[in-house]
Amino acid sequence: MTRPSLSSGSGVAPAPAAAPATAAAGADGTAAAAAAAESHSVPAAIPAEAFVAALAGLPAMGHRRLVALLRRWSPEEAWRRVGDGRGHDDDSDVAGLWCRAAATVDVDDLWLRHGRAGVGVLRFGGPWYPAVLTDDHEPPGVLFHRGDPAALDGRRVGIIGTRRCSRYGREMAHELGRDLAASGVRVVSGLAAGVDGAAHAGALAAGGAPPIAVVGSGVDVVYPRRNAQLWADVAAAGLLVSEAPLGAAPEPWRFPVRNRVIAALSEVVVVVESHARGGSRYTVDAAAERGRTVMSVPGSVRNPASAYTNALLADGCPPARDATDVLVALGLSTAGPGASATVTPDVRPAPDPLATVVLDTLGWEPASLEGLVLRSGLSPGQVMVALAHLERDGWATSRQGWWERVAHG
Amino acid sequence: MIAIIPSATLLGVEGRPVAVEVHVSNGLPGFTLVGHPDPVCREARDRVRAALLSSGLTWPMKRVTVNLAPGLLRKVGPGLDLAIAIGLLVATEALGPEVVAGCAFLGELGLDGSLRRVPGIVPMVGALDARVVVVPVDCVAEAAVVGRLRVRTATRLSELVACLRGLEPWPDPPGPTMAAGPAVPRPDLADVRGQPVGRTALEISAAGGHHLLLSGPPGAGKTMLARRLPGLLPPLEGDDALVATSIRSAAGEPLPPTGLVVEPPFRAPHHGASAVALIGGGTAWMRPGEISQAHLGVLFLDEMAEFPRTVLDALRQPLEEGVVRVSRARASVAFPARFLLVGATNPCPCGEAGPEGACRCPEAVRQRYNRRLSGPLLDRFDLRVVMSRPAVADLLGGPPGESTGVVAARVAAARERARSRGVGCNAELPASVLDEVAPLTRAATAILEHRLRVGALSGRGLHRIRRVARTIADLAGAGDIVDEDHICLALGLRADVIAPEVAA
């Protein structure tokens, strides 16, 4: 947290001495670029980040090829070689493809567009590139970002899970995100529908540590669309990064690739809910490769959305029952579970005797009206009266004909 | 010489009288058929000629003109064959005009002179103005349903001519089993194990005429329940039975052994059905569609979301009006279509979506599936029930449920109460009389107010809930006041089975 706060111009290569101050003064990427350009004596009007952004936009350019280029040459040199058709030593097809594509790219204009979009660029080998990724065995060659890269400084926990989560999963993700952020832990997630979005919404609600989102599409391509507000909020309060160049569509292959970045950026990865063959497996595998701690939120064995998380527990993965479990894993807390829960009195009116029977029958799993009638032995009319009262008083809720108990708090 | 023989043709599900005029004169031998026949009817010439010859009768070597009056009405099908043949025989003086006086003829002729069944006998006989009607043997039961005319029959043209000439006695009409379809026992509600909510919804649907949507995974028993709904409805009486019989006859379907259709019909078209098959119409003749064949009974749409959306939306107007008007270039026909709609659907393509998070389908696929059922159509369902697979213990053991007879008695009593309010069933209650016939207790009002306030209920939904609650109170024998538990059950049986989009 000692670094100066940069609004969006951190993609600029800082000049040796006065650069941090200059960059901090620059309001956007363009101004900062100009400032940086002045501070260089040679006419390097275009910063190195611009060339990396241009390289990342080439066809057939994955993160491995990009990093290989950047390890060998400076970005300017790499771009020049690509333009000359010498970008790839072993594969002339790829070199030719890059050469043809590069001929259509105006790097100056591309850089201006990044500035206008308020998108910064962190390049592999660049000064602002996150140290935790530098040592990774599969680092991203570039990270396009909105928001403040300084948000990465601090303890980080990944909260991941299925898009098709149950209400339980959504609530758990929200609570974990909220409580961890309130404890000063940065929540890393993918900003997808379901668990990811709920975790970030929780982190934003807490107003504590800044949230960090790693998305699969370009940072200017909101996906899913209904999360547009959440994207904007995360970028404003924290950091939104992507390996994908501007305008990149949310193609399916981008998500497993994205998941490894989430794993790499997280010290602990918490899986909230995931189906047996869900995409969370990629993140968990990537986390395991990197020696990160994987924690799993226990769920009902009857809930298919908890199939993978329960399987993780069976494999010996530590459970994440609440934020405290995660804080203990981070070494931030030695308290027992439940210590982080703020105790607020339950203001809901006590259910009447009939409603109490139905509430006990309901338990903590979703149930249909039919299931409740069969298990309680009451008539459908009686059960519905009880449910109507429970719903009115906030004890239960229904969705698509399924009833669920609402937790206190 | 001229002969005029009464007969009839079919327009939609109604019969229309047709006068078959046969004129035989000297001149170049030939046969002209005029009077707007359709292609099948036009082929009558060849069938009649062969039938006459193979029956040992003579085909006149004269100029024959057959006119089917009225000329503007399109005559469909082969049902006029017999009348044309008899007219020819009278016009050529092979039969005396006095033996066919007051006698109408309906039926198709085979080339060997046999008389064949035609569809729509009931409405056609009903349209005739005659004392006696002669129909093929297979159609006697249908023709007898009308009751007004004396029904005579013969198996072959030669036999018919002999009977008309008085050379042979008229054959006895066959027993009632001849034309009958196989008598299938109706499935009984006692077979349904468990499913207390599904059974309750079925009973309410039958008692109040409320359309019912069943949503649940495969194997939850949706189809099993739906097939037991017609048994709960009261039997058809009087004009209703005759209308139902006419429609079934016009559709060419076999009639029950007794002739008259008294059991409420049950139609379950496959989801490959076209809009015309469902609504009625067609190119050859105006055939009643599935919704008309379900008139006064149950239309069951299994796998409802698999029906094309245009087909489903075509149901909306008949659902409101109880009648469907089919207009084509040649004719416009109104088919009766007052039916109880029962839909069954899976919650998603994989069928497993119970509570949230249980289904394997991608979100986009599920939304596309759900969009097939339009909001206005879903709104027509007063009862929307989520079903789940019954427990194994219920399937194997468990007490049998109430039988159809017990439930049907309650339904009949509830329908009797609805009739005392001047409507056939509670679903037809106008919103303006709800305050009068379905007053609410204070607790019931409080529940509805809460739902309205939180936006879980719309104004129109409110009326529907109150009608269903009225039916529930009627079934419970609860008197005039609608209480809290009736309202709550009505609310619980109107679940939003189709999910709105979930925000993250």
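This is a predicted model: local features need pLDDT of at least 70, side-chain atom pairs count only at pLDDT 80 or more; totals for chains, interfaces and linings use all residues.

**Cores**

I started with the largest nonpolar core: it has 170 residues, and B:Ile84, B:Ala85, B:Leu106, B:Val133, B:Ala143 and B:Ile487 touch the most other members. A nonpolar core here is a set of buried Ala, Val, Leu, Ile, Met, Phe, Trp, Tyr and Cys residues joined through C-beta atoms within 7 Å. Buried means 20 or more other C-beta atoms within 10 Å of the residue's own, exposed means 12 or fewer, and partly exposed is in between, with C-beta atoms placed from the backbone. The largest share of this core, 9 residues, comes from helix α3 (residues 81–91) of chain B. Apart from this core I found another one, of 90 residues, including A:Ala199, A:Ala213, A:Leu240 and A:Val241.

Residues are numbered from 1 along each chain as its sequence is written, and chains are lettered from A and ligands numbered from 1 in the order in which they are written.

**Helix α3 of chain B**

I then checked how covered α3(B) is: 11 of its 11 residues are buried. The list runs from B:Asp81 and includes B:Leu82, B:Ile86, B:Gly87 and B:Val90. B:Ile84 is in contact with B:Val20, B:Val22, B:Ala44, B:Val48 and B:Val66, if I leave aside neighbours within four places in sequence. Contact means that the C-beta atoms, placed from the backbone, lie within 7 Å. After the helix comes B:Glu93, with a positive phi near 65°.

**Chain B overall**

I counted 22 helices and 18 strands in chain B; these are DSSP runs, H or I of at least four residues for helices and E of at least two for strands, numbered from the N terminus. The C-alpha trace spans about 90 × 50 × 45 Å along its principal axes. Of the 504 residues in chain B, 50% are buried. Among contacts between residues at least 6 apart in sequence, 74% join residues at least 24 apart.

**Strand β17 of chain B**

Why is β17(B) largely enclosed? Because 6 of the 6 residues of this strand (residues 340–345) are buried. B:Leu340, B:Val342 and B:Ala344 point one way, and B:Leu341, B:Gly343 and B:Thr345 the other. β17(B) pairs in the parallel sense with β10 (residues 212–215) of chain B over 4 bridges, and B:Leu213 stands opposite B:Gly343. β14 (residues 298–301) of chain B also pairs with β17(B) in the parallel sense over 4 bridges, with B:Phe300 as bridge partner of B:Val342. Pairing needs at least two DSSP bridges between the strands.

**Where the chains meet**

How many residues of chain B are in contact with chain A? I got 32, against 37 residues of chain A. On the chain B side, α7 (196–208), α20 (442–453) and α22 (484–492) are the elements that give two or more residues. The largest share, 6 residues, is from α22(B). By class, that side has 16 nonpolar, 10 polar and 6 charged residues. Nonpolar covers Ala, Val, Leu, Ile, Met, Phe, Trp, Tyr, Cys and Pro, charged covers Asp, Glu, Lys and Arg, and the others, Gly among them, are polar.

**Chain A bits**

Helices α3 (residues 48–56) and α7 (residues 107–117) of chain A pack at about 100°, axes 9 Å apart. Axes are lines fitted to C-alpha atoms, for helices over the stretch in contact, with angles from 0 to 180 degrees between N-to-C directions. α3(A) and α7(A) are therefore roughly perpendicular, a label for 65 to 115 degrees. A:Ala50, A:Phe51, A:Ala53 and A:Ala54 in α3(A) meet A:Val107, A:Leu110, A:Trp111 and A:His114 in α7(A). That contact has 7 nonpolar, 1 polar and no charged residues.

Last, I looked up A:Pro140, in the loop between α8 (131–134) and β2 of chain A. Buried or exposed? A:Pro140 counts as buried, with 26 C-beta neighbours inside 10 Å. Leaving aside neighbours within four places in sequence, A:Pro140 is in contact with A:His63, A:Phe124, A:Leu133, A:Glu243 and A:Val261.

Terms used:
Two residues are in contact if their C-beta atoms, placed from the backbone, lie within 7 Å. Angles under 35 degrees count as roughly parallel, over 145 as roughly antiparallel, 65 to 115 as roughly perpendicular and the rest as oblique.
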